[in-house]
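Okay, everyone, thanks for coming.

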Amino acid sequence: MPFVSDPPIAVKIQKMKQRLRWDDPAIVQREIDRTRFVLDDGSSDGPEFSFLVIGDTGTGIQTHNAQRQVAQHMLPHLDSCRFVLHTGDVVYLVGSSEFYRDNFINPYKELLVGGDRPEKIAYDRMVFKVPMFLVPGNHDYYDLPFLEGLFAGLTLPLRRRLVKFKLDFDVGWHGSYQGKAYAQAFLDCWDRFESRDNLVRHLEQHYTVKTDTGWCLRYQPGQFTRLPNRYYTFRYGGIDFFALDSNTFNAPQPISKTSEGLTHRRSLEELRSHFEREKQELMQAAERLNPDLPDDAEQLDDMRAKIEQIDEVILDIDKQLEARETQAIDSEQLDWLQQRLIDSWNKADVRGRVLFFHHPPYVTEATKWNLAQTLEIRHHLRRVFDNVAAALGSLRGDRPLVDLILNGHAHCLEYIRTLDTGRADSHLNCIVCGGSGYSLRRQRQEGSDLMETFWEEGDRRARLVARSQLFVGRSGQGSKKRRPYSFLRIDVREGTPPQFVVRVFISERFQHQWYESELQPFTI
């Protein structure tokens, strides 16, 4: 992830609000809810339906093009599934509009209107035949500083032709411009309307569904498939789905100035130096490989992925070292989620709730399980759940606050259940679906049980808070290395609470060949 920068949270929020014209008087005057849509497919009232889940897909430079392999494996399910959820990281490496055709449009052309001629589809004019509901990942917000972008753009043709540029990355002239490419590709950006009359006509045409929270957008497959916001909700088959932008509430807490905090800072600085050395060793080792040989080519893919993984850890360390007391947190979104969950529980016709967002609160993948960002997501989600539980009282009985949480970010497929955490996030079902195209990663050596430390009566104690039930990721070494890429099909059954039959489909790369399989389904 060379030279990548991640905009501050306050910038992400501000830029997205500007693109959506969040303060436009039309929102108040017309009583528009810009965090909600209705899927107009004629089937949203049926109690049984199916949907697909993918995540961390958007690569275009792999030797074996795993993303396209998974996409083709999904094709037989499109007719019987109502929509696709994408858990983020849509376009690597820096969410640039330059890479949408290779890294998104071409792989998913069958889902798009005009997909028989994908070269004619502009990234900011896409219309889905099969609905796809997305959330932004961290890579969809990344940027390249000007000089690095200039160098990358000028050398791109050479990097794609010359053997000596062995560790090519998906970077060109620029990055995402603080998430601009993602917004233009998928969101209903009102800043594109130059006149008030054009905006009014747009609202009269597309914001036509009256709900208890205001007029909302009508999502029409094959006609108009923009999403109303970076976070949003929709109801299907009596299930409330909540999509979140976790990039704006994952900032690490500042390191304390106590002696314990100073020791922690020094350990982080030493860890950062270790990863920098490991990165340099990988780059040197890459120079000894020949990309024209199949084994070496896949090894270079692995090295590229390992370097990206190391840079992601370094970025997390840098955020911890640079954290300030005054850093922004997206309290507006978290307050919205809290109130909408309370409202959902008070609706007699809602029988279940599903959350999906990028950064997982619980995961055992080796590089993500103890990142500061992971712990912060858990902290903020837990606080929201605690407040919701307090507001509901006995209304929810012994049910978890949400029936299912879907995430990406960790490059694996994992089913993990929380245990008694002592908080309102107890007994949750969480599935990480982040192995649908980009590099796969292994489970941590510490195993499947997640412990959490806490202070009680002045003593530091540990509690078992979650346990992994299933992990599908990279395994083996050398010629025995296995790369099982994955997607989910989830069949929702009628009843209250609903049952979710989870089917895991695998496209495995092993010894230069592809093998397709399905794991034993399980029911939540």
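Let's start with a tyrosine. Y438 has a relative accessibility of 6%, so it counts as buried, since the cut-off is under 20%. Keep in mind that this is a predicted model, so everything I say is computed from it.

Who is the partner of Y438? The rings of Y92 and Y438 have their centres 3.9 Å apart, with planes at 10°, so we call this pair stacked. Y92 is buried too, at a relative accessible area of 1%. Now find the two on the chain. Y92 sits in the loop between β3 (83–86) and α4 (100–105), while Y438 is in the loop between β12 (429–433) and β13 (449–456). That's 346 residues apart, so to speak, and the pair links distant parts of the chain.

Stay on Y92 for a second, please. A cis peptide bond joins Y92 and L93, with omega at about 0°. L93 is found in the loop between β3 and α4. There's another cis bond to look for, between T496 and P497, again with omega about 0°. P497 lies in the loop between β15 (482–493) and β16 (499–510). Why point these out? Most peptide bonds are trans.

On to the rings in general. How many aromatic pairs does the structure hold? It's 33. Take F37 and Y219: the ring centres are 5.5 Å apart and the planes are at 35°, so this pair is tilted. F37 lies in strand β1 (residues 32–39) and Y219 in strand β6 (residues 214–219), so the pair ties together parts that are 182 residues apart in sequence. Both are buried: F37 has a relative accessible area of 1%, and Y219 has 0%. These two also belong to a cluster linked by ring pairs, whose members include F49, F133, F241 and F356.

F241 brings us to the nonpolar core. The largest one has 115 residues, and F241 is among those with the most contacts inside it, along with F104, F133, L355, F385 and L406. Which helix gives the most to this core? That's α11 (residues 372–392), with 7 residues. If you zoom in on F241, you'll see it touching F49, F51, F83 and L85, among others. In soluble globular proteins, nonpolar side chains tend to be buried together.

Now some charges. R34 lies over the face of W190, 3.9 Å from the ring centre. R482 does something of the kind with F510: its charged end sits over the ring, 3.8 Å from the centre. And then there's R19, in helix α1 (residues 9–20). R19 is buried yet has no salt bridge. Its nearest side chain of opposite charge is D191, at 5.7 Å, and a salt bridge has to be within 4 Å. R19 does have contacts, though, including Y177, W190 and D191.

Last stop, the backbone. Most residues other than glycine have a negative phi. E31 has a positive phi of about 55°, and H427 is also positive, near 60°. E31 lies in the loop between α2 (25–29) and β1, and H427 in the loop between β11 (413–418) and β12.

How values were computed: Residues numbered from 1 in each chain as written. Predicted model: local features only at pLDDT ≥ 70, side-chain atom pairs only at ≥ 80, totals over all residues. Heavy atoms only, no water. Helix = DSSP H or I, 4+ residues; strand = E, 2+ residues; numbered from the N terminus. Buried < 20%, exposed > 50% of the residue type's maximum accessible area, 1.4 Å probe, protein only. Lys, Arg positive; Asp, Glu negative; His and termini not counted. Contact = heavy atoms within 4.5 Å. Phe/Tyr/Trp six-rings, centres within 6.5 Å; stacked < 30°, edge-to-face > 60°. Lys NZ or Arg CZ within 6 Å of the ring centre and 35° of its normal. Core = buried A, V, L, I, M, F, W, Y, C linked by side-chain atoms within 4.5 Å. Lists of a residue's contacts leave out its neighbours within four places in sequence.
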